[in-house]
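Dear colleague,

Please find the structure we discussed handed over below. I would be grateful if you would look through it alongside the notes that come after it.

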Amino acid sequence: MDDLLNEFLTETSESLDVVDAELVRFEKNPTDKAVLDNIFRLVHTVKGTCGFLGLPRLESVAHASENVLGKFRDGELKVSTEAVSLILKSIDAIKTILAELEANECEPEGNDKELIDRLNEVAAGKAIAAESPVKAVAENPSNEKKASSSPVGTSNTFADGERKVEPVLNRDLLPGEVSLEDLEAAFNAAPGPDDDHVPAAPAPGTAETAAADAQHADRMEKEEPASQPDPKKAKPAKIDAAVKNSDTSIANQSVRVTVDLLEDLMTMVSELVLTRNQLMQIVRDQEESKFKAPLERLNLVTTELQEGVMKTRMQPIGNAWQKLPRIVRDLSHELGKKIELQMVGAETELDRQVLELIKDPLTHMIRNSADHGLEQPKKRAAAGKSELGTIKLNAYHQGGHVIIQISDDGAGLNIERIKQKAISSGLATEAELEEMSDLQIGNFIFKAGFSTAEQVTSVSGRGVGMDVVRTNIEKIGGTVDVRSTTGKGSVFTVKIPLTLAIVSGLIVESYGERFAIPQISVIELVRASENSEHKIEMLRSSPVLRLREQLLPLVYLSDVLRMKRKGPAISDVDALQNAETSGHRPKDDFVVVTQVGGFRFGIVVERVFDTEEIVVKPVAPILRHISVFSGNTILGDGSVIMILDPNGIANMYNNNSVEEEEVKAEAVSPDEQDKKMSMLIFRAGDGTPKAVPLSLVARLEELDCASVERSNGRDVIQYRGQLMPLVRISENCPLRTEGRQQMLVFADETRTMGLAVDEIVDIVEDVLKIELTTETTGMVGTAVIGGAATEVIDVSHYLVVAFPDWFEESRKTRVKAARRILLIDDSPFFRNMLAPVLGTAGYKVTAVENAEQALALRDEGITFDAIVSDIEMPGISGFEFASMIKADERWGDTPIVAISAHGTSDDFERGRAVGFSDYVVKMDRGALLRSLTETLSVYGEAV
Amino acid sequence: MTEKGMQPDNSAGAVNIAAKSDYVSMVVGGQLFGVPVLEVRDVFVPSKLAHVPMAPPEVAGVLNLRGRIVTAIDLRQRLGFEPRDEGVQVMAVVIEYLGEPYSLLVDAVGEVLSLDATSFERNPSNLDSRLRDVSEGIFRLEDKLMVVIQLDKVIQLLNGAIAA
C-alpha cells in the first residue's frame with residue numbers, strides 16, 4: 001500500500017500542476033477542446049485513482065469538479081471565470097488533502113461539503129438549460145450492477161455529462177460507496193490511451209482492477225479517437241502506465257529512480273573527477289609514462305560519465321514554471337490587472353537541485369512584476385499601452401550558466417521613489433545617490449527591508465521580498481540584476497550555474513596561499529603593473545584601477561583575508577616592507593574583475609593559475625562563519641584550498657569599510673586613535689602630498705586662471721564681491737597661467753584668503769602624528785596620513801602672507817581689550833593650529849606644552865582670561881589639571897574650556913564635575929570660538 | 001551558541017568510565033592526554049596544511065585526508081600551550097564530531113593504553129581552566145598523569161567562541 005500511495009502522490013501532484021496550468025490556458029481559450037480534454041482526463045484520473053485507493057474525501061472533491069468540467073466539455077455549461085476559479089479552488093483543496101495524506105498516510109478528517117455544493121450548484125444550476133437527458137445512458141449498461149456497495153444515488157452524474165444530472169447528486173460521496181462504479185465511469189470517460197490514472201496496476205488481484213481493466217480495454221477500442229491526447233502530457237517514466245499500455249513505447253524506455261540514488265551517483269562521480277585530476281597532475285609531470293594512454297582514456301570516460309550523471313539530474317526549467325500561469329491568473333484577478341504570461345525556453349535544462357532552489361525566487365519575482373511592475377489597465381491605456389500587461393519569462397543557456405530573464409512591460413522602476421527610500425532608510429546619502437547611475441540605484445531594491453510599494457498588498461510590498469530573492473540566488477552562486485526603463489518596463493536577469501556540485505574555479509594566489517574564485521563571478525582578468533597601461537592607483541588607502549574610462553574599486557585579497565604580516569609565505573623583504581606601509585605594493589598584480597549583482601569590483605591577487613573544475617565541499621561548521629569562503633575543495637595536486645565567495649567579499653568590503661579603517665588605525669597605534677581627524681589632502685608645488693585640517697578650510701573653489709589679477713605685487717581675485725588675496729604654497733611654484741586653478745579658501749568673519757593648489761586629492765580621516773618637524777616655512781612638519789608621507793601646512797603662515805596684519809588687525813578691530821588665553825596641548829600640531837585660530841579671533845594666546853608648564857606660569861603670577869586645555873596629556877591630565885586649578889585661588893576663577901578628541905557625554909560630565917566651563921571637540925574651530933565668547937561673557941569683566 | 005549549557009556535566013567522573021577502557025595517548029606541550037580509542041578514526045603525519053585566513057587561531061588549517069577535507073585544530077593553541085617552533089613535525093589525530101571530521105594536531109602520539117577505572121579521578125579543583133574546560137578527568141598512570149579529553153568540548157567551545 002505504501003508504494004502504491006507514494007506512487008499515487010507523486011503522480012497526482014504532477015497531474016495537478018499540469019491541471020493548474022492547463023486550466024489557465026483553457027480559460028483564455030474556452031474553445032480549445034484538446035486542452036479541456038486533457039484537463040478533464042487528468043482530473044478524472046485523480047478521481048479514479050482516489051476511489052481505487054479508498055480515499056473518499058479526495059474523490060468527492062475531484063468528482064464534483066470533474067462534473068463541472070464535464071459540463072464544459074459537452075458545451076452544456078459556458079466557461080466563466082467564476083467556474084474556473086471554483087475548479088482551481090477545488091484543485092487547491094485536493095492539494096491540501098494530498099499534503100496531509102503525504103504526512104499522515106491517511107486522509108484528514110472533515111469534508112468539503114461547501115466546496116462540493118458550490119461546484120454542484122454551478123454544474124446543476126447552469127446546466128439545466130442545456131440538458132440533454134437521454135444521452136448515452138446505454139453506454140454503461142453494466143455500471144449499476146457492478147456497483148457493489150453504493151447505497152444512495154448511484155445514478156449520479158458522470159462527469160463527462162453523459163448522464164442526466166439528477167438533484168441527488170448533491171450528497172457527499174461516502175467512504176464506502178466509491179469504487180467500481182465511479183471507476184468504470186472514469187474509464188468510460190477517459191478518452192484515449194494515455195492512462196496516467198492506472199498506477200493502481202501494481203496492486204493486481206482486486207476485482208475492481210480487473211473489472212476496470214476489462215472495461216477499459218473495451219472503451220479503448222471505441223473511444224480511441226475521441227480526443228487526441230496531448231503528446232506532451234504523455235509523461236515518460238511511468239512504469240505502470242507502460243504495463244498497461246503496451247502501445248505507448250516511450251513509457252517503456254524510462255525508469256523512475258529515487259533522487260537519493262542520483263545524489264549518491266553524483267557524489268561518487270565528483271570523487272572520481274577529483275581522483276582523475278590528481279592522476280592527470282602526476283602523469284603530466286612525467287615525460288614518458290606507460291600510464292599516459294590508459295589515463296587519457298580514463299579521462300575521457302570520466303568526463304563522459306560526469307556529463308551523463310549530470311544529465312540525469314537535469315530537468316527542464318519549465319518544471320519550475322508550472323505553477324506560474326496559475327499564480328499570474330490569480331494575481332490578475334486579485335489586482336484587477338490584465339496580465340499575460342509568456343514563457344520562452346521552458347525546455348532549458350538545469351540541475352534539479354538548482355531548479356528546486358530557484359523556484360521560490362522566481363515565483364516571487366513574477367509576483368513582484370505583476371504587482372509592482374505592471375500598472376492598472378487604466379493607467380496603461382492612459383500611457384498609450386495596451387491594457388493587457390505582459391510578463392515574459394525567458395530562459396536560455398549561456399556558457400556554463402542558465403540565464404533567466406523576467407521582463408514586464410510595466411512602468412519600470414520608480415527611480416525617484418527608490419532614491420527617497422534609500423535616503424530615508426539610511427542606505428545612502430543624497431550625495432552618494434547623485435553619483436550613482438540609475439542602474440545602481442535600481443539595485444537598491446535588493447537591499448534588505450526595501451519595498452517601494454506604497455501599499456502593502458497581500459501580494460507584495462512588505463519589503464521582505466527582493467533581498468530574500470537575491471540572497472537565495474546568491475546562495476547558489478547566482479547573480480540577479482535589474483535594468484529598467486521608465487515607462488517601458490523592467491528586466492530582471494538571473495544568472496545561475498547549471499549545477500552546484502562541480503564548478504569551474506579560477507585558482508589564484510595571494511601571500512603564498514592559493515584560493516579558488518568561482519568562474520561565474522569572474523568577468524575578466526587584468527594584469528596591472530607599474531609600467532603597463534593598467535596601473536593600480538591609490539585614492540588615499542583605497543586602490544582603484546582605470547579600466548575602460550571607469551574607475552574600478554579594488555580590494556587586495558590579502559587585506560580582505562587579513563593576511564598582512566602573517567604566515568611564512570612572505571619571504572622577500574620587499575613584500576614585507578610593503579605590507580608594513582599599505583599603499584605601496586608589489587609591482588605586478590593581477591586584478592580579477594568580479595561582478596556581484598550590479599556591483600563590479602576587482603580582487604587583487606599576486607598570481608593567477610589556470611581554471612580547474614572543482615568539487616565544492618562545504619567548510620567545517622566551525623569555519624562557516626567566515627563569510628568570504630563559500631566552500632573548500634581538493635585540487636588536482638591533492639592540496640586543499642578555500643573557495644572564495646565574491647558575494648561575501650563584496651558585502652564585507654561594502655559594509656565594513658569603516659570597521660576596516662578602525663582596525664587599521666588600531667594597528668598603527670591604539671593609543672593615538674583618539675586623535676583621528678579629517679584632513680584635506682592636496683598637491684601643490686612638488687609632488688609631495690600636503691595636508692591641512694579640514695576644519696580650518698572654509699571652502700574649496702575652482703577659479704579661472706584668467707581672473708587672477710595682480711595688485712600691489714600680490715595675486716588677487718574677485719571673490720564674492722571682494723578682493724581676495726591668492727597665495728601660493730611657496731615662492732617657487734607659480735600659478736597656472738591658463739585653465740582652472742583649484743584653491744582652498746580660508747576665512748574668518750571679515751576676510752578670506754585663497755591658497756592655490758594643484759590638485760585636491762582626498763579627504764582622509766586619520767591619526768595626525770607629526771613624525772618630522774621641518775624648517776621649511778609654511779609647513780608644520782611631515783606626517784604619515786593614509787599610508788603616505790604628507791606635509792602638513794601651517795595655515796597661520798599663509799594667513800600672514802595674505803594679510804600681514806591679520807592677527808593684529810583682528811585684535812584691534814574686534815576685541816576691545818585683548819583677552820589672554822592660555823592654550824595647553826601636548827601636540828605641537830594643535831598648538832600650531834589653534835594658536836592662529838584663536839589669534840585670528842582676536843585673543844592673545846600663550847601656548848604651552850603641558851600642565852606643568854601652565855602651573856609654572858601660574859607660579860610666576862601671570863594671569864589669563866581663560867584657559868583652553870587638552871584632556872589627554874602625558875603627565876598631568878586635563879582633568880587633574882582642572883581640579884588643581886580650581887582648588888587654588890590664584891587661577892580658581894579662570895574659566896577653563898576643555899578640548900578633546902572625545903565628544904562623549906561621559907567625558908562632558910566628568911569635565912563639568914572637575915570644573916571645566918565647557919567642553920568642545922578639538923577640531924571644531926567654530927565651537928571653540930563660540931564657547932570662548934560665551935564663557936568670557938558669562939565670567940564677564942570680573943576676571 | 002549555548003551548547004555548553006545543553007551538555008550534561010560530565011565532570012561527575014568515574015560514572016562515565018567503564019571498568020577497563022582503551023585510550024590513545026598523545027603529548028601536547030609536554031602534557032599527556034588521552035582520547036578514547038573508539039573515537040579515533042585515524043592517526044597520520046599531516047603533509048600539506050592549508051592555512052585558512054580569518055579562522056579562529058585554534059584552527060591550524062585544513063588538510064586532505066584521502067579525499068576528505070579535514071579541519072585541523074592545534075591542540076597547543078586550543079589548550080593554551082606555547083606555540084610550537086616552526087618546522088617541528090606534528091601528528092594529526094582524526095576524530096569525528098557531528099559527522100564532520102576534525103584532526104587534532106599534537107606533538108606526538110603514543111601507544112594505546114588500556115586503563116583501569118580505579119586509577120581515574122575527576123578533575124582536581126585547581127586544574128588550569130583551559131584544561132578543565134575540555135578535561136573529563138585524570139588517569140593516574142605509574143609515572144605520569146593523563147588528561148582525558150572530551151572531544152565534543154574541544155570543538156563545541158570553539159564554536160561557542162566564534163558565536164560570541
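Predicted model: local features only at pLDDT ≥ 70, side-chain atom pairs only at ≥ 80, totals over all residues.

**Chain A as a whole**

Chain A has 943 residues, of which 41% count as buried. Its secondary structure amounts to 31 helices and 35 strands. Among contacts in chain A with a separation of 6 or more, 66% are between residues 24 or more positions apart.

**Two helix pairs in chain A**

Two packed helices are described by the angle between their axes and the distance between the axes. In chain A, helix H3 (residues 56-73) and helix H4 (residues 81-104) pack at about 160°, and their axes are 10 Å apart. H3(A) and H4(A) are therefore roughly antiparallel, and H3(A) passes H4(A) in a left-handed crossing. On the H3(A) side, the residues that meet H4(A) are A:Arg57, A:Leu58, A:Val61, A:Ala62, A:Ala64, A:Ser65, A:Val68 and A:Leu69. Their counterparts in H4(A) are A:Ala83, A:Ile87, A:Ser90, A:Ala93, A:Ile94 and A:Ile97. By class, this contact of H3(A) with H4(A) consists of 11 nonpolar, two polar and one charged residues.

The second pair is formed by helix H11 (259-284) and helix H12 (residues 292-312) of chain A, whose axes come within 10 Å and cross at roughly 155°. Since angles over 145 degrees count as roughly antiparallel, H11(A) is roughly antiparallel to H12(A). H11(A) passes H12(A) in a left-handed crossing. Residues of H11(A) in the contact include A:Leu262, A:Leu265, A:Met266 and A:Val269, and those of H12(A) include A:Leu295, A:Leu298, A:Asn299 and A:Thr302. The contact of H11(A) with H12(A) divides into 13 nonpolar, four polar and two charged residues.

Strand S6 (residues 479-485) of chain A has five buried residues out of seven, so S6(A) is largely enclosed by the rest of the structure. S6(A) pairs with strand S7 (residues 489-497) of chain A in the antiparallel sense, over seven bridges.

A:Glu474 is found in helix H20 (residues 466-475) of chain A. Is A:Glu474 buried or exposed? A:Glu474 is buried, because 23 other C-beta atoms lie within 10 Å and 20 or more are required. Leaving aside residues up to four places away in sequence, A:Glu474 touches A:Thr479 and A:Asn647. A:Glu474 and A:Lys495 are 21 residues apart in sequence, with a C-alpha to C-alpha distance of 9.5 Å.

A:Tyr511 lies in the loop between strand S8 (502-510) and strand S9 (513-518) of chain A. Phi of A:Tyr511 is near 50°, a positive value in a residue other than glycine. A:Tyr511 is buried, with 22 other C-beta atoms within 10 Å.

**Where the chains meet**

In the contact between the chains, 22 residues of chain A touch 19 residues of chain B. On the side of chain A that touches chain B, the elements giving two or more residues are helix H11 (259-284), strand S17 (629-634) and strand S18 (640-644) of chain A. The largest share, three residues, comes from S18(A). This side of chain A divides into 13 nonpolar, five polar and four charged residues.

**Chain B**

Six strands of chain B form an open sheet in the order S8-S1-S2-S11-S10-S9, with mixed pairing. Strand S8 (108-116) and strand S9 (120-121) of chain B stand at the edges with a single partner strand each, so one side of each has no neighbour in the sheet. Within chain B, strand S10 (residues 135-140) and strand S11 (residues 145-149) run antiparallel and are joined by five bridges. B:Gly137 stands opposite B:Val148 in S11(B).

B:Met54 is placed in the loop between strand S3 (42-44) and strand S4 (59-65) of chain B. Phi of B:Met54 is near 70°, a positive value in a residue other than glycine. B:Met54 is partly exposed, with 17 other C-beta atoms within 10 Å.

With kind regards

How values were computed. Residues numbered from 1 in each chain as written. Chains lettered and ligands numbered in written order. Helix = DSSP H or I, 4+ residues; strand = E, 2+ residues; numbered from the N terminus. Buried ≥ 20, exposed ≤ 12 C-beta atoms within 10 Å, placed from the backbone. Contact = placed C-beta atoms within 7 Å. Nonpolar A, V, L, I, M, F, W, Y, C, P; charged D, E, K, R; others polar. Pairing = 2+ DSSP bridges. Axes fitted to C-alpha atoms, helices over the stretch in contact; angles between N-to-C directions. Parallel < 35°, antiparallel > 145°, perpendicular 65-115°, else oblique. Left-handed = near helix turned anticlockwise from the far one by under 90°.
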